[in-house]
Amino acid sequence: GEALLEVKNLVTSFRTAEGSLQAVKDVSFHVDKGETLCIVGESGCGKSITSLSIMRLLASNGVIESGEILLNNEPLQKLTNEQMRKLRGNKMSMIFQEPMTALNPVLTIGYQLREPLLLHHQVSKTEASQQSIELLRQVGIPNPEKRLNQYPHELSGGMRQRVMIAMALACHPSLLIADEPTTALDVTIQAQILDLINDLKEKLNMGVLMITHDMGVVAEVANRVMVMYAGKKIEEGPVEEIFNNPQHPYTIGLLNSVPNVDDPDFELEPIPGNMPGLNEHIPGCRFHPRCKFAMEKCKIQEPPQFTVSRGHSASCWLAEEEAKKNGNNGKVAI
Ligand code: SF4
Ligand code: MG
């Protein structure tokens, strides 16, 4: 595919009273047009900070220390804050877990949909209203004309999330960043929203960067998957490879903690222990205190990124053999 977003060696830190804490440690990945990349990991692994770095929406003590972020080959760090503001909601949009925080409670749905259209596309108010109705129809909201005059609190959670997606799509973004967009919704609505994102991705040839802790969501939407642990990318690959041939024990642990509806006797096997804090120094592999396969080497030497097969890499010493078997002897960038 054609690269839409490229993130190269991103390092993001937070300045705190305890000093500078690194939340994203040298992470590289890309999103192509018309594909969905899922970033997966536990809360605090750096997945949300990665997306906020891309959007330049970090808290005021957050700093991108180094690395490059390119959208359509354009380095985003060169843009002024004003240019970035224009880019957000235009070339790239973001949807969050809780739409109530992104929707303004005192403005009607219609007003909030029209505003970005008037701002970015310079259409008339009537045209903007017509486009708003069309957008609501596109995201599957019944009686869109009526909805325009309603306030966010008059809608259900699922409907609000659809409105959020309609707002995010208003300016035909080429990249949609979705951070846990369905976590707050019940399973039926969640499935509908994921279907909707899939449909729109295909229809509009959008690139989607989906952030989630839920492997069930990954199975529904991902073309490719990147797994993060304690600020680092630890595995990346096509979704079939991640599910059928996972290499990193942490990825295997995540997959084993998904309930299996077909097998009621299947026991959840959550990964024991906690992810290290940002200021915790752990020599060698950062997963080794929790890893049941940890070897002496793991406690001393950090594993490089081994290429297991085309597009599939893992940072684990166990993947070294697999990589060699396939003629890749490690440290090969994808
Ligand atoms: Fe476990 Fe060692 Fe692999 Fe780290 S490098 S995940 S400790 S086997
Ligand atoms: Mg988060």
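Student: At what angle do the axes of helix 4 and helix 5 cross, and within what distance do they come?

Tutor: First, the ground rules. This is a predicted model, where local features need pLDDT of at least 70, side-chain atom pairs count only at pLDDT 80 or more, and totals for chains, interfaces and linings use all residues. Residues are numbered from 1 along each chain as its sequence is written, while chains are lettered from A and ligands numbered from 1 in the order in which they are written.

Now your question. The axes of helix 4 and helix 5 (residues 125-138) cross at roughly 120 degrees and come within 9 Å. Axes are lines fitted to C-alpha atoms, for helices over the stretch in contact, with angles from 0 to 180 degrees between N-to-C directions. Helices are DSSP runs (H or I, at least four residues), as are strands (E, at least two), numbered from the N terminus.

This crossing of helix 4 and helix 5 is right-handed (near helix turned clockwise from the far one by less than a right angle; anticlockwise is left-handed). Helix 4 brings Gly110, Leu113, Arg114, Leu117 and Leu118 to the contact; helix 5 brings Lys125, Ala128, Ser129, Gln131, Ser132 and Leu135. Contact means C-beta atoms, placed from the backbone, within 7 Å. By class, helix 4 with helix 5 has 5 nonpolar, 4 polar and 2 charged residues. Nonpolar means Ala, Val, Leu, Ile, Met, Phe, Trp, Tyr, Cys and Pro; charged means Asp, Glu, Lys and Arg; the others, Gly among them, are polar.

Helix 4 (residues 109-121) also packs on helix 7 (residues 157-169), at about 20 degrees and with axes 9 Å apart. So helix 4 is roughly parallel to helix 7 (under 35 degrees; over 145 is roughly antiparallel, 65 to 115 roughly perpendicular, the rest oblique). Their crossing is right-handed. Here Ile109, Gln112, Leu113 and Pro116 of helix 4 meet Val163, Ala166 and Met167 of helix 7. That contact has 6 nonpolar, 1 polar and no charged residues.

For context, the chain has 13 helices and 12 strands. Its C-alpha atoms fill a box of roughly 70 × 50 × 40 Å along the principal axes.

Definitions and conventions: Two residues are in contact if their C-beta atoms, placed from the backbone, lie within 7 Å.
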